[in-house]
Amino acid sequence: MQVTETLNEGLKRAYSITLTAAELEAKVNEKLEEARPEVAMKGFRKGKVPMSLLKKQFGPRVLGEAMQEGIDGALNNHLETSGHRPAAQPEMKMTDGESWKEGDDVNVEVSYEMLPEIPDTDFSKIKLERMVVKADDAAVTEALENLAKTAQNFEDRKKGSKAKDGDQVVIDFVGKVDGEAFEGGSAEDYPLVLGSNSFIPGFEEGLVGVKAGDEKDVEVTFPEEYGAEHLAGKAAVFSCTIKAVKEPKAAEINDDLAKQFGAEDLESLKTQITERLEAEYAGASRAVAKRGLLDALDGLVDFDLPTTLVDAEAKQIAHQLWHEDNPDHHGHDHGEIEPTDEHLKLAKRRVKLGLLLAEIGQKAEIKVSDAELTQAVMNQARQYPGQERQFFEFVQQNAAFRQQLQAPIFEDKVVDHILEAAKVTEKDVSKADLEKAVEALEEE
């Protein structure tokens with residue numbers, strides 16, 4: 001087996017691999033000899049079939065297997081000896097092509113880009129500020145008022161008052177299509193909050209301004225994608241009788257409200273809210289600190305990047321952003337989307353930081369534990385109520401998806417590892433300052 005280097009340029013490497021006809025024949029014979037004890041053929045006892053007949057019967061198939069194994073073995077030996085780590089699956093091409101025939105040497109061209117050597121990083125050179133926000137009385141009061149709104153009741157408006165958006169109207173209604181009432185289109189004493197979007201478009205808007213005692217026909221059109229096919233896209237008239245118009249009244253902020261949300265009393269609820277708010281602030285602060293850390297690493301470390309990874313990432317970014325700009329186009333029949341210079345710049349940063357964090361994590365022997373992965377799976381499963389079992393089965397059978405779940409956990413653990421060694425100072429700031437910093441992250 002002969003391996004000859006034909007390209008050595010930056011991270012790019014190419015090699016010519018020659019598997020001689022003699023080596024290939026020996027490998028074919030070896031595989032046939034391994035199989036011979038289990039082969040039975042008419043006129044011969046099991047395991048006694050002559051090699052000439054085995055070659056005639058199984059030779060072509062075994063030849064292909066031997067050829068592939070020989071080339072793969074040569075490439076694997078080369079990678080092990082050289083220490084190269086391909087950035088992507090190496091490209092392999094048989095140079096003889098269709099002209100090759102049995103008895104010829106096999107010549108294959110192999111090319112790939114290596115993962116770069118990543119220099120060690122002195123994390124103590126990284127200086128960061130971590131924003132600290134305390135939950136003040138105003139924030140706790142605001143949170144309590146929001147809870148009170150969610151626990152709101154509705155009280156009758158003054159007689160003759162017109163219904164406003166956010167009011168509750170109690171109605172009897174009968175819906176008709178082409179003059180005929182349809183199943184599920186009628187109800188009595190139905191409490192409907194205007195603006196809740198719980199009915200089809202146009203229905204709630206049509207009741208704004210009604211008064212208790214009014215009767216009104218509301219004309220609407222069912223959406224084209226409506227779940228019931230016999231109603232999809234059809235015009236309908238709902239004859240409504242307005243029995244009451246009620247305005248929202250927030251619940252009082254007291255011990256009774258606290259008990260509705262599982263607390264013993266109002267003071268306990270305030271304590272829970274304070275802890276929740278400060279946990280939210282800490283999470284936002286960490287996101288800001290993480291971005292600062294990644295920016296610092298981007299400027300501190302430099303190495304060559306595999307163009308195959310950068311190009312693939314740039315195309316992925318361009319594709320994702322195109323769909324964000326064209327939300328109504330759900331398919332992938334839009335043709336190729338050429339990445340811009342901005343896409344390429346972002347791709348280089350992502351690839352660089354991805355390789356760097358992976359290297360740091362490997363050297364620090366950072367692992368994602370089974371418990372951490374299980375927790376991530378459970379968090380994802382909550383998004384599929386009633387289908388949790390099917391989701392768990394999907395995860396068990398899909399290694400790529402498990403890796404997708406592990407990646408952000410691994411990255412966060414590496415970030416924490418670096419933050420422990422970096423020089424991080426805490427700075428007390430206002431909630432508004434933190435919100436401004438988070439908004440700046442989202443704009444980038």
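A salt bridge here is a side-chain nitrogen of Lys or Arg within 4 Å of a carboxyl oxygen of Asp or Glu. Arg349 and Asp298 make one of these, with 3.4 Å between their closest N and O atoms. The two sit in distant parts of the chain, 51 residues apart, with Arg349 in helix 7 and Asp298 in helix 5 (residues 266–300). Helices (H or I, at least four residues) and strands (E, at least two) are DSSP runs, numbered from the N terminus. The model is a predicted one, so local features need pLDDT of at least 70 and side-chain atom pairs count only at pLDDT 80 or more, while totals for chains, interfaces and linings use all residues. Residues are numbered from 1 along each chain as its sequence is written, and side-chain values use heavy atoms, with hydrogens and water left out.

How open are these partners to the outside? Residues are called buried under 20% relative accessible area, exposed over 50%, and partly exposed in between (1.4 Å probe, protein chains only). Arg349 comes out as partly exposed at 21%, and Asp298 is partly exposed too, at 24%.

By the salt-bridge rule, the count comes to 28. Among them is the pair of Lys363 and Asp120, whose closest N and O atoms are 2.5 Å apart. This pair spans 243 residues, from Lys363 in helix 7 (residues 341–363) to Asp120 in the loop between strand 4 (106–113) and strand 5 (127–132). Lys363 is partly exposed, at 49%, whereas Asp120 is exposed, at 66%. Another salt bridge joins Asp172 and Lys243, at 3.3 Å from N to O. Asp172 belongs to strand 7 (residues 168–177) and Lys243 to strand 10 (residues 235–249), so this pair ties together parts 71 residues apart in sequence. Lys243 is partly exposed, at 42%. There is also a network of salt bridges, which links Arg286, Lys290, Glu411, Asp412 and Asp416.

Glu411 turns up again in the largest pocket, as one of the residues closest to its centre, along with Arg350, Leu353, Gly354 and Leu357. A pocket is found on a 1 Å grid over the protein atoms alone, as an open set of points where a 1.4 Å probe fits, with protein on both sides within 12 Å along at least five of seven lines; lining residues have an atom within 4 Å of a point. The largest pocket holds about 1,000 Å³ of space, and 22 residues line it. Helix 5, helix 7 and helix 10 (399–421) each give two or more residues to that lining.

Next comes an open sheet of four strands, in the order 1-2-4-3, with antiparallel pairing. Two strands count as paired if DSSP finds at least two bridges between them. Strand 1 (2–9) and strand 3 (91–94) are at the edges with a single partner strand each, so one side of each has no neighbour in the sheet. Eight bridges join strand 2 (residues 12–19) to strand 4, and Ile17 has Val108 in strand 4 as its bridge partner. Helix 2 (residues 51–82) packs on the sheet and touches strand 1, strand 2, strand 3 and strand 4, where contact means heavy atoms within 4.5 Å.

Lys216 is found in strand 9 (residues 215–221) and is partly exposed, at 32%. Leaving aside residues up to four places away in sequence, Lys216 touches Gly206, Val210, Phe238, Ser239 and Cys240.

Note on methods
Axes are lines fitted to C-alpha atoms, for helices over the stretch in contact, and angles run from 0 to 180 degrees between N-to-C directions. Grid points are joined across faces, edges and corners, and a volume is the space filled by probe spheres set on the points.
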